[in-house]
Amino acid sequence: MRFELMYESFFKIIKGIPLTLEVVFLSTILGLFFAIIVALMRVSKNKFISNPAYYFIYGIRGTPLLLQLYFIYYGIGQFSVVRESFLWVLFKEPYFCGILTLTLSTAAYSAEIIRGGMQSVGPGYIEAGSSLGMSKMLRLRKIILPITIRQALPAYGNEIILMVKASSLISIVTLMEITGIARTIISKTYAPVEIFIVAGSIYLLINFIVTRLIKFAENRLNQGQA
Amino acid sequence: MRIFKFFTTLLITLSLSSFALAGDWSKIRIGTEGAYEPWNYTNAAGELVGAEIDLARDLCARMNADCEFVQQDWDGIIPALTNGKYDAIMAGMSITEERMKTISFSSAYMTEPARMSTVKGSPLTTLSTAKNLNLDDDSGATKGTIGTLNAALKGLRIGVTAATIHEDFANTHLSSAELKIYPTQDEMNLDLSAGRIDAALSDIGTIEAYMGTPSGANVAFFGPNIFGGLLGEGVGAGIRQEDSDLKAMFDKAIAEAAADGTIGRISTQYFGKDLAP
């Protein structure tokens with residue numbers, strides 16, 4: 001074990017933390033926004049609204065993330081129609097492709113988590129709201145969403161942890177985040193064990209903090225609950 | 001069950017590695033990448049083909065050994081050799097001082113300069129430089145050519161594949177450009193054609209092979225032929241440092257194959273020119 005190398009590499013690899021956090025943060029926020037829309041569509045009684053949401057979730061969850069990234073990054077660039085349009089300004093950038101892929105992925109998984117949470121809201125709560133003369137939007141805001149968030153938070157915390165780990169995939173499209181830098185160092189030093197231990201420890205630390213934050217949020221939301 | 005599996009694997013690995021250390025080379029495992037046309041690549045049928053695959057079969061026959069190919073991603077190709085996943089690397093790998101710190105090499109079996117490429121119509125195609133850039137030559141001409149390249153590439157995105165002599169060259173000499181590092185040549189080729197990078201640096205033969213494909217039809221060379229110095233002394237077979245007996249076997253077989261014209265024939269078939277050292 002080359003401890004000196006691990007020490008030196010640590011300071012190189014931590015330079016990738018901002019990019020990892022940035023990508024995870026942006027795609028999680030954007031993904032959550034889409035997930036709420038998709039989940040609302042999914043629970044709709046209208047087939048024309050719920051079916052597209054169903055197929056979106058099915059398609060994204062049923063295919064590997066790596067393949068989706070290859071498709072968005074290398075696949076879309078193959079069409080000259082895209083390359084000659086304004087879209088190319090976006091798709092040309094690996095950063096955009098990485099965030100788009102991760103956003104779509106988390107949107108699909110989170111939509112299912114949110115749907116589960118929404119459907120766990122007892123009919124009695126909704127009836128109580130209606131009997132007080134609450135509108136549909138008001139019931140969504142004051143009754144359904146708060147209960148959903150409380151129900152879905154443990155599963156959603158899991159999803160954020162998965163996102164931190166999934167972000168390592170974007171290193172294959174030339175983005176130098178934690179894994180990307182680690183791989184570059186390995187290819188020069190031929191010391192995969194040492195470098196992967198360092199990179200893995202950094203992910204552990206990030207996810208430790210994420211877990212704590214979610215636990216904190218769960219405790220806050222469950223105050224006053226039996 | 002899983003623990004049982006783990007120990008079985010461990011046992012098999014241990015017995016295999018002791019088997020390899022015994023110096024019995026009737027069976028040689030060759031590690032290659034399979035993504036570096038025409039050196040070594042995977043054809044439409046999923047088979048490993050290429051100049052080095054043909055050469056490896058020829059060398060193995062000369063060494064009276066059965067050869068088995070193992071495919072391995074480029075960025076882990078040296079660790080996998082030192083860990084004993086295979087016994088020799090034949091993957092278009094140039095012999096460099098940097099790599100010699102970790103592994104040893106057979107004598108070179110082929111040699112080819114590197115060159116930059118871009119897309120047709122790029123202003124870079126009109127760049128005029130000396131025809132050759134020999135990094136072993138310390139004269140002002142070398143510095144001048146590197147200066148011209150840097151001026152032309154200022155602020156542009158240059159692609160190289162990770163852990164190659166080309167990455168070393170770009171890191172050392174092309175400081176004015178922004179480097180984009182790819183895991184494989186194929187992925188870099190796609191981005192070059194798509195315009196995500198302004199230029200790429202690689203071996204000449206592999207870009208020529210790409211130019212022959214429909215998606216590579218818009219690619220053109222520019223700048224000098226680059227060789228010598230940190231670009232190494234040609235392509236050789238990577239071998240673990242302790243396996244000096246295997247290195248001697250490779251050296252002898254390569255010398256024979258070069259002398260009887262086999263290397264010239266194979267390289268002409270794949271590269272359209274004789275790359276024998």
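Trainee: Axes are lines fitted to C-alpha atoms, for helices over the stretch in contact, and angles run from 0 to 180 degrees between N-to-C directions; so at what angle do α7 and α9 of chain A pack?

Mentor: This is a predicted model, in which local features need pLDDT of at least 70 and side-chain atom pairs count only at 80 or more, while totals for chains, interfaces and linings use all residues. Residues are numbered from 1 along each chain as its sequence is written, with chains lettered from A and ligands numbered from 1 in the order in which they are written. Helix α7 of chain A, residues 94–119, packs against helix α9 of chain A, residues 136–166, at about 150°, and the two axes lie 8 Å apart. That makes α7(A) roughly antiparallel to α9(A) (under 35 degrees counts as roughly parallel, over 145 as roughly antiparallel, 65 to 115 as roughly perpendicular, and the rest as oblique).

Trainee: And which residues of α7(A) and α9(A) make the contact?

Mentor: On α7(A) they include A:Leu102, A:Tyr109, A:Ile113 and A:Gly117, and on α9(A) they include A:Ile144, A:Gln151, A:Tyr156 and A:Glu159; contact here means C-beta atoms, placed from the backbone, within 7 Å. The residues of this contact divide into 11 nonpolar, 7 polar and 1 charged, where Ala, Val, Leu, Ile, Met, Phe, Trp, Tyr, Cys and Pro are nonpolar, Asp, Glu, Lys and Arg charged, and the others, Gly among them, polar.

Trainee: What about α4 of chain A, how does that pack on α7(A)?

Mentor: Helix α4 of chain A, residues 65–75, packs with α7(A) at about 140°, with 9 Å between the axes, and the two are therefore oblique to each other. From α4(A), A:Leu65, A:Gln68, A:Leu69, A:Ile72 and A:Tyr73 meet A:Pro94, A:Cys97, A:Leu100, A:Thr101 and A:Ser105 of α7(A). In that contact there are 7 nonpolar residues, 3 polar and no charged.

Trainee: Stepping back, how many helices and strands does chain A have?

Mentor: Chain A has 11 helices and 0 strands, counting DSSP runs of H or I with at least four residues as helices and of E with at least two as strands, numbered from the N terminus. Its C-alpha atoms fill a box of roughly 70 × 50 × 25 Å along the principal axes. Among the contacts in chain A with a separation of 6 or more, 78% involve residues 24 or more positions apart.

Trainee: OK, what about chain B, which elements does that have?

Mentor: Chain B has 10 helices and 14 strands. Its C-alpha atoms fill a box of roughly 60 × 50 × 35 Å along the principal axes, and 47% of its 277 residues count as buried. Of the contacts in chain B between residues at least 6 apart in sequence, 72% join residues at least 24 apart.

Trainee: Is B:Thr172 buried or exposed?

Mentor: B:Thr172 counts as exposed, because it has 12 C-beta neighbours inside 10 Å. That residue lies in helix α6 of chain B, residues 165–173, and its C-alpha atom is separated by 13 Å from that of B:Leu201, 29 residues apart along the chain.

Trainee: Last one: how many residues of chain B are in contact with chain A?

Mentor: On chain B there are 17 residues in contact with 13 residues of chain A. At least two residues of that side of chain B come from each of α3 (77–82), β11 (178–182) and α7 (185–194) of chain B, and the residues of that side divide into 9 nonpolar, 4 polar and 4 charged.

Technical notes:
Contact = placed C-beta atoms within 7 Å. Buried ≥ 20, exposed ≤ 12 C-beta atoms within 10 Å, placed from the backbone.
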